[in-house]
Amino acid sequence: MMARSLSHLKGLFIEGCEEIERLILAKDQVSSSSSNGDTSLQPMSFPNLTEIVVIDCKNLSSLFPFGFAPVLPKLERLIVERNSKLEQVFELEEKAEVVAEEEMKFDKLLNLSLEELPGLIHFCPKGYHFVFPEMTQLKVRDCPKLTTVFFIDSQKFIHCKTKLVEQEAVEESTTVSNVIFN
């Protein structure tokens with residue numbers, strides 16, 4: 001029942017939740033029944049979710065496990081503001097090791113806003129490269145620890161990546177600490 005409800009969810013708005021530490025856990029699954037009556041656990045999925053807004057959640061440390069990105073195929077708007085302990089938007093499980101840079105596309109994301117996030121270190125995990133081909137608005141403001149860099153390519157696609165070597169990313173990211181692309 002819950003799996004069916006989540007599949008219809010179009011907007012997720014969370015504001016002022018003091019106790020929440022993670023929006024989605026890496027192992028979050030829902031029970032699903034097949035037509036022949038069998039029950040199994042399926043990864044949580046939000047196939048119709050177009051908007052996520054998370055504001056003033058003081059103990060939130062991460063939003064999503066990294067593997068969760070593909071289950072947000074219609075995400076158009078991601079707004080994250082004033083979450084003082086947030087360190088990572090997409091969190092890679094600590095055991096996972098990156099051997100080569102991997103690319104992931106967010107085909108529908110139009111608007112990304114990261115504002116007043118003093119603890120934010122990574123938008124995407126180290127060694128990964130996100131591409132936003134449809135993005136029309138990017139706002140990054142007051143994120144002094146952010147090591148993820150955002151840039152535009154010759155096709156006017158917005159990209160972001162966090163370097164494998166922490167120091168290099170810190171040096172490069174200082175130029176985008178307060179950026180707005182419209």
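Among contacts in the protein between residues at least 6 apart in sequence, what percentage join residues at least 24 apart? In this predicted model, the share of such contacts that join residues at least 24 apart is 79%.

**Overall composition**

The secondary structure of the protein consists of two helices and 14 strands. Of the 182 residues in the protein, 42% are buried. The protein exposes about 10000 Å², and carbon and sulfur atoms supply 50% of that area.

**Aromatic pairs**

The structure contains ten aromatic pairs. Two of them are set out below.

| Pair | Distance between ring centres | Angle between planes | Class |
|---|---|---|---|
| F90 and F130 | 5.5 Å | 80 degrees | edge-to-face |
| F123 and F150 | 6.1 Å | 55 degrees | tilted |

The pair of F90 and F130 links distant parts of the chain, 40 residues apart. F90 belongs to strand β7 (residues 88-91), while F130 belongs to strand β10 (residues 128-132). Both F90 and F130 are buried.

For the second pair, F123 lies in the loop between β9 (111-115) and β10, whereas F150 lies in strand β12 (residues 148-152), so this pair ties together parts that are 27 residues apart in sequence. Buried means under 20% relative accessible area; F123, with a relative accessible area of 1%, is therefore buried. F150 counts as buried because its relative accessibility is 5%.

Notes. Residues numbered from 1 in each chain as written. Predicted model: local features only at pLDDT ≥ 70, side-chain atom pairs only at ≥ 80, totals over all residues. Heavy atoms only, no water. Helix = DSSP H or I, 4+ residues; strand = E, 2+ residues; numbered from the N terminus. Buried < 20%, exposed > 50% of the residue type's maximum accessible area, 1.4 Å probe, protein only. Contact = heavy atoms within 4.5 Å. Areas by Shrake-Rupley, 256 points an atom, 1.4 Å probe, with all protein chains shown as cover. Phe/Tyr/Trp six-rings, centres within 6.5 Å; stacked < 30°, edge-to-face > 60°.
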